[in-house]
Amino acid sequence: MQLLEIDIEYRVLFGISGMVLLFTSFLIVFIISQRKKLQYHRDLHDLHEEQKQSLIEQNLLLEQRVEERTKELRFQTKELQKSLHELKLTQLQLIEKEKMASLGEMTAGIAHEIQNPLNFVNNFSEINMELINELKQGLEDGNLEDVAGLADDLQQNLEMINNHGKRADSIVKGMLEHSKGVTGQKEPTDLNKLANEALQISYKSFNQKDAGFSTSVNTFFDDSISKVPLIPQSMQKVFLNLFSNAFYAVNEKKNNLGASYSPMVSLTTKKNGGNIQITISDNGTGISQTIISKIFHPFFTTKPTGQGTGLGLSLSYDIIKAHGGEIHAESAEEGHTTFIINLPELI
Ligand SMILES: Nc1ncnc2c1ncn2[C@@H]1O[C@H](COP(=O)(O)OP(=O)(O)OP(=O)(O)O)[C@@H](O)[C@H]1O
Ligand SMILES: [Mg+2]
């Protein structure tokens, strides 16, 4: 019985100490886990702080870079604006120079063109003064035969003066026409008809000047071309000049080569994309490569005095430009010239 009582005490004691031990170990485990948790949270907090700091640093760095880049860009923009300004200034200077150059070229051309007929007028009028003195003397002497001869000379010289005066007049008129620019209203025009009429007029007027003149003329009209908005009087001038140049070129060649040569002038119209293309060709004297770049310059002519002022093509060029088109010449083979005009179908 006593043994059993001791046993119970021991057992209670063991039980209690076991529980204390269990509780203590639980407590220790709990404390350790709490400390670990705390440490983890601290570490996490530290990491956050570190990351925050590094983000702030990176932001600062970025802001600094953006500021630097902005500064650089501002500088580059300023430099670009400066270059653009300089470029505009140079362009204006170039345009001014170009204007002065063409003004100089033009003035030299005008002076040269007008000087020629003026020289004739001056020389012949001086000769006429002398002739009049001789004529007076002849009258005093009663030498009527001499007087009649002198009167004939005077008449011939006056004709020369008149011709050259007219030539100076036509040069001034041509210049005035040039300086007026292209005037007139665009109106729907039958382009094929207009070009064909100019061809007929030009041919007739060449025939009137030179009765022996003849050439074969070929026309190819694109009938699908409807009415084109054109300034008819101006376009007529372009066509008249191109045909008259072509007839002149074939006539020159005919005079040089005679019967072995068959002159030919052709006119073609066709639609070409959004453009109307007009081609005027001849197998005349051709244009050498050395002068082809000058033919559109005002006063450039290879024709003898009295036969051309050299304003036809430069005026034509202005007219075509005023229609939003373009004109150029090709003379690849010796003795074959083609003028090509491109006009926008709708202006
Ligand atoms: N079809 C052509 N064949 C050969 N040369 C040409 C032809 N068309 C033009 N030219 C050359 O171009 C030059 C300039 O032509 P442009 O029509 O401007 O003046 P021009 O005919 O000499 O005088 P203007 O037209 O004022 O009477 C001509 O003098 C000629 O040398
Ligand atoms: Mg001409």
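Predicted model: local features only at pLDDT ≥ 70, side-chain atom pairs only at ≥ 80, totals over all residues.
User: What makes E5 and E7 a strand pair, and in which sense do they run?

Analyst: Strands count as paired when at least two bridges are found between them. Strand E5 (residues 275-282) and strand E7 (residues 337-344) have eight bridges, in the antiparallel sense. The pair therefore meets the cut-off of at least two bridges. Within it, Thr279 stands opposite Ile340 in E7.

User: How do you know that E2 and E4 are paired, and are they parallel or antiparallel?

Analyst: Five bridges join E2 to E4, and the requirement is at least two, so E2 and E4 count as paired. The two strands run parallel. Ser216 stands opposite Met264 in E4.

User: What joins E4 to E5, and how many residues lie between the two strands?

Analyst: E4 and E5 pair over eight bridges in the antiparallel sense, with Lys271 opposite Ile276 in E5. They form a hairpin, and two residues lie between them. In the turn, Gly273 has a positive phi of about 65°.

User: Why is the pairing of the five-strand sheet called mixed?

Analyst: Strands of a sheet can pair either parallel or antiparallel. In this open sheet the order is E2-E4-E5-E7-E6. E2 and E4 run parallel, whereas E4 and E5 pair in the antiparallel sense, as do E5 and E7.

User: Which strands do H3 and H4 lie on?

Analyst: Helix H3 (residues 191-209) lies across E2, strand E4 (264-272) and E5, and runs at about 170° to E4. H4 packs on the sheet and touches E4, E5 and E7. The direction of H4 makes about 25° with that of E5.

User: How do you know that H4 and H5 are in contact, and which residues meet?

Analyst: Residues are in contact if their C-beta atoms, placed from the backbone, lie within 7 Å. On the H4 side, Ser234, Met235, Lys237, Val238, Asn241, Leu242 and Asn245 meet residues of H5. Their partners are Gly312, Leu313, Leu315, Ser316, Ile319 and Ile320. Helix H4 (residues 232-257) and helix H5 (residues 312-322) pack at an angle of about 145°, with axes 9 Å apart. Their crossing is left-handed.

User: What makes a residue part of the shell around ligand 1, and which residues are closest?

Analyst: The cut-off is a C-beta atom, placed from the backbone, within 6 Å. The shell around ligand 1 holds 22 residues, and the closest are Asn245, Thr301, Gly308, Gly312 and Leu313. H4 and H5 are the elements that give two or more residues to this shell. H4 gives the most, with four residues. By class, the shell divides into seven nonpolar, 13 polar and two charged residues.

User: Where are the two domains, and how do you know that they touch?

Analyst: Domain 1 covers 111-180 and domain 2 covers 187-344. Their centres, taken over C-alpha atoms, are separated by 35 Å. The contact takes eight residues from domain 1 and seven residues from domain 2. On the domain 1 side, helix H1 (2-141) and helix H2 (144-180) each give two or more residues. H2 supplies the largest share of that side, six residues. By class, the domain 1 side has one nonpolar, four polar and three charged residues.

Definitions and conventions. Residues numbered from 1 in each chain as written. Chains lettered and ligands numbered in written order. Axes fitted to C-alpha atoms, helices over the stretch in contact; angles between N-to-C directions. Left-handed = near helix turned anticlockwise from the far one by under 90°. Nonpolar A, V, L, I, M, F, W, Y, C, P; charged D, E, K, R; others polar. Domains from an automatic or database assignment.
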